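Subject: The structure, and some notes on it

Hi,

Here is the structure for you to open on your side. Have a look first, and then read on for what turned up.

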Amino acid sequence: MKAVPSPAEPDQKPLDFALVRRIFGYTKPYARLRNALFALVALRSVQLPLIAWTTAAVISGPIARHDVRATVWGVAGYLALTGFTSLCFVYRQRLALLLGEAVVHDLRLQVYEHLLRLPMSFFKKVQVGKLIGRITSDVDVVRVCVQDVAFISIVQLGSMLVSAGLMLYYDWQLFLVVLVMAPVLWGMLRHFRRRLSAAYRAQQESFSRVAATLAESVSGIREIQGFVRQDINGGLFQQLIYDHSRYNMISAQQSAIFLPLLEFNGQLFLSILLVVGGYQALGGEVRLDALIQFLFLSNAFFGAISPLGNQYNQALTAMAGAERVFGLLDTQPEWSDAPDAGELPPLSGRVEFRGVTFAYEPGRTVLHDVSFAVEPGQTVALVGYTGSGKSSIVNLVAKLYLAQSGHILVDGHDIQRVTSLSLHRQIASVTQDNFLFASTVLENIRLARPQASDAEVVGAARALDIADLIEDLPRGFQTEVGEKGAGLSLGQRQVVCFVRAMLADPRILILDEATSSVDTVTESRLQHALSKLLLGRTSFVVAHRLSTIRHADLVLVLEQGRIVERGNHRQLLAQGGRYARMYQQFVSSTDLPVATL
Ligand SMILES: Nc1ncnc2c1ncn2[C@@H]1O[C@H](COP(=O)(O)OP(=O)(O)OP(=O)(O)O)[C@@H](O)[C@H]1O
Ligand SMILES: [Mg+2]
C-alpha cells in the first residue's frame with residue numbers, strides 16, 4: 001500500500017500568448033471592470049516614479065534653499081500625491097479581486113458542466129484526485145493570472161519606463177551604469193527563483209503523497225486492521241512525513257537566503273551609483289540636485305524588478321494551470337448524440353437488440369452479435385457467470401456506451417438517432433453501485449423527480465409496501481445518510497433505491513444489483529416490492545432472486561458475451577441445457593449467488 005507518486009505534471013510553462021488571450025477572453029463579460037482596471041494601473045505606473053521625483057524635488061529644492069514656506073507646500077503636495085496613489089491602490093485591489101472572482105466562478109462552472117456531460121468511459125479512466133485538482137488549484141492559478149499578474153506587471157513595467165525616462169533626462173551617463181546593472185539583477189533573481197520554485201515543487205509533491213496515503217489508509221482501514229498492517233503502514237507514513245519536513249526545511253532555507261540577498265543587492269547597486277555619481281559631483285560634472293533626483297528614481301527603477309520577476313514566475317505557473325484546465329475543457333467526448341438526433345416520444349417500451357457487438361476497448365469484444373426482443377411490460381432476466389456481459393447489455397440499453405455494430409431499438413427508434421436526454425428520462429436504473437448522495441433519505445429519493453412533493457415520495461414507498469422500513473430508520477425519511485449511503489445497511493440502501501426508481505415511474509427499468517445477502521424477512525419484503533416495481537414496465541433484471549427469474553417473460557443465458565440459451569424458466573429447465581444444470585446446482589447449494597446460476 002505504498003503511495004505511488006503520480007508522474008509529475010510540469011507546474012510551469014513558457015509564456016504562450018494564445019493561452020493568455022484565451023484566459024483574458026473570460027474577462028469579456030466584465031469589460032467595463034477590466035478597462036477601469038487598466039486605466040487605474042496606467043495611472044499608478046506614473047504615480048510611483050512621481051512620488052520618488054517629488055521627494056527628491058522637495059529635498060534638493062526648498063529644503064536645500066532653507067525655504068520653510070516652499071518646503072511646507074512641497075510636503076503638502078507630496079502628501080496629496082501619496083494619498084491619491086494609495087486610494088488608487090485600494091480600488092485597484094478591490095476591482096482586481098472582483099474580476100478574478102468573477103472569472104474563476106465562470107471557469108469553475110464551465111469545467112463542472114463540461115465534466116457532467118462527458119460519457120461514462122471518461123470517468124472510468126480518469127483519477128478523481130486529478131479532476132479535483134483541475135477545478136480547485138489549477139483554476140486558482142488562473143485567477144492569480146487574471147487578478148494580479150497582468151496588472152501588477154503593467155504598473156511595475158510602466159513605473160520602470162517612467163523612471164528610466166526621467167533618469168535619462170537627469171544624467172545619461174549614470175543611466176548607462178543602471179542599464180548595465182539591471183540585467184545582472186534580473187538574472188540573479190531568475191536563478192534564485194528557479195531554485196526556490198524547484199524546492200517548492202518538491203515540497204508540494206511530497207505533501208500530496210502524504211495526503212494520498214492518508215486518504216488511502218482511511219478508505220482501506222478495514223484491510224489495514226484486518227491484515228494487521230498498522231505497524232507497516234505506520235512506518236511508511238513516518239518515512240513520508242519525514243521526507244515532507246525535509247523538503248519544507250529546504251525551501252525555507254532557500255527563501256532565507258534569497259530575501260536578504262535581494263535586499264543587500266539593492267543597497268549594493270545604490271552604493272555603486274553613489275560612488276560613480278559622487279565622483280562626478282565632486283568633480284563638478286553633475287549638480288547635486290540632479291544626483292539626488294537620480295538616486296531616488298533609480299530606487300524606484302530597481303524596486304520594480306523584484307515584483308516583476310515574481311509576476312513573471314506566477315505567469316509561468318498560470319500557463320501550466322491554464323493549459324491543464326483548458327485541456328480538460330477541450331476533451332471531446334468519444335461520442336455524443338448525432339447532430340440530427342430527435343426527441344424520443346413517450347414510450348410504450350419495446351426494446352430490441354439486432355446483432356449488437358460491443359467492446360469497451362478496441363480489440364476486446366465483450367458482446368458478440370447479441371439479438372433479442374422484449375415486448376412492452378415484459379421482464380427479461382439476464383443470467384450468466386461473472387464477466388459474461390450482463391451489465392454491459394444494460395449499459396447499452398441506457399446508452400451509457402455506444403455499440404460498435406448492430407442496432408438497439410426502443411419502440412422502433414434506433415437509440416443512436418435519439419437524444420440521450422430524452423431516452424434517460426424514460427429509463428430508471430438500480431445499479432451495482434447503489435449510489436446515494438450525502439443528504440436525507442427523502443432528498444435521495446426525490447432525485448428521481450425533483451418536483452415531487454414529500455407526500456409523493458412517501459406515496460412511492462407505500463406503493464411498494466416498504467414505507468415502514470424507511471420510517472423505522474432513526475429519523476425516518478429525514479435520516480441523514482453520508483456519502484455513498486454511509487450509515488445505511490445494504491438492505492436499507494436497496495429500499496431507498498427501489499423507492500427512487502418507483503418515483504421516477506420509468507417505462508424501462510434496469511435492475512443490476514450486486515449480489516447481496518439480506519436477512520430472509522427483508523429479502524421477502526424486497527421481493528414483494530420488486531414485483532410491484534416491475535409491474536407494467538419493460539424491465540431488464542440481472543437477477544439474483546430466483547423468484548424474479550421464475551416469473552421473467554424471457555431469460556437470457558449469457559456466456560462470454562454470447563446468448564447461449566433463451567426462453568422462460570420452464571422452457572429452459574425442460575431443455576436440460578446449461579440453465580438447467582446451473583439451476584440444479586443452485587437448489588442443491590443455496591450459497592451460490594443466483595445471478596451466476
Ligand atoms: N469499463 C470497462 N472497461 C473495460 N472493460 C470492461 C469494463 N466493464 C466491464 N468490462 C469487461 O467486460 C466484460 C463483461 O463485463 P460485465 O460487467 O458486463 O459482466 P457482468 O456479467 O455484469 O459481471 P458481474 O456478474 O460480475 O457483474 C468483462 O470481461 C469485463 O472485464
Ligand atoms: Mg455486472
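**The sheet, strand by strand**

V356 has its bridge partner in strand 2, and that partner is V370. Strands here are DSSP runs of E of at least two residues, helices are DSSP runs of H or I of at least four, and both are numbered from the N terminus. Two strands count as paired if DSSP finds at least two bridges between them.

Before going on, some ground rules: this is a predicted model, so to speak of a local feature I need pLDDT of at least 70, and side-chain atom pairs count only at pLDDT 80 or more, while totals for chains, interfaces and linings use all residues. Residues are numbered from 1 along each chain as its sequence is written, chains are lettered from A and ligands numbered from 1 in the order in which they are written, and side-chain values use heavy atoms, with hydrogens and water left out.

Going across, strand 1 (residues 351-359) pairs with strand 2 in the antiparallel sense over 6 bridges. Strand 1 is also joined to strand 4, again antiparallel, by 5 bridges, and there T357 has S405 as its bridge partner in strand 4. Strand 4 and strand 5 run antiparallel too, with 2 bridges, and L409 stands opposite D414 in strand 5.

D369 lies in strand 2 and is exposed, at 56% relative accessibility. (Buried means under 20% relative accessible area, exposed means over 50%, and partly exposed is in between, using a 1.4 Å probe and protein chains only.)

The other is D411, at about 50 degrees. D411 sits in the loop between strand 4 (405-410) and strand 5, in a hairpin with 2 residues between the strands. With a relative accessible area of 26%, D411 is partly exposed.

**Rings**

There are 13 aromatic pairs in the structure. The rings of Phe, Tyr and Trp (its six-membered ring) pair if their centres lie within 6.5 Å; planes under 30 degrees apart are called stacked, over 60 edge-to-face, and the rest tilted. F353 and F372 make a stacked pair, 4.6 Å centre to centre with 20 degrees between the planes. That pair links distant parts of the chain, since F353 is in strand 1 and F372 in strand 2, 19 residues apart. Both F353 and F372 are buried. Then there is F435 with F437, an edge-to-face pair at 5.0 Å centre to centre and 75 degrees between the planes. F435 is partly exposed at 36% relative accessible area, and F437 is partly exposed at 44%. Ring pairs also link F269, F301 and F302 into a cluster.

**A buried threonine**

T27 is in the loop between helix 1 (17-25) and helix 2 (31-63). Is T27 buried or exposed? Buried, because its relative accessible area is 0%. What does the T27 side chain reach? At 2.6 Å it reaches the backbone oxygen of F24, and a polar contact of 3.0 Å joins the T27 and R34 side chains. A polar contact is a pair of N or O atoms within 3.5 Å; within protein, one must be able to donate a hydrogen and the other to accept it, and residues adjacent in sequence count only if both atoms are side-chain atoms.

**Around ligand 1**

Ligand 1 has 15 residues around it, and T386, G387, K390, S391 and S392 come nearest. (Near means that one of the residue's heavy atoms lies within 4 Å.) By class, this shell has 4 nonpolar, 7 polar and 4 charged residues; Ala, Val, Leu, Ile, Met, Phe, Trp, Tyr, Cys and Pro are nonpolar, Asp, Glu, Lys and Arg charged, and the others, Gly among them, polar. Helix 10 (residues 390-397) gives the most to the shell, with 3 residues.

As for atoms, a backbone N or O of G389 is 3.0 Å from an oxygen atom of ligand 1. Polar side-chain atoms of K390 and S392 also lie by oxygen atoms of ligand 1: for K390 the distance is 2.8 Å, and for S392 it is 2.5 Å. On its own, ligand 1 has 640 Å² of accessible area, and the protein covers 69% of that. Accessible areas come from the Shrake-Rupley method with a 1.4 Å probe; for residues, only the protein chains shown count as cover.

Cheers
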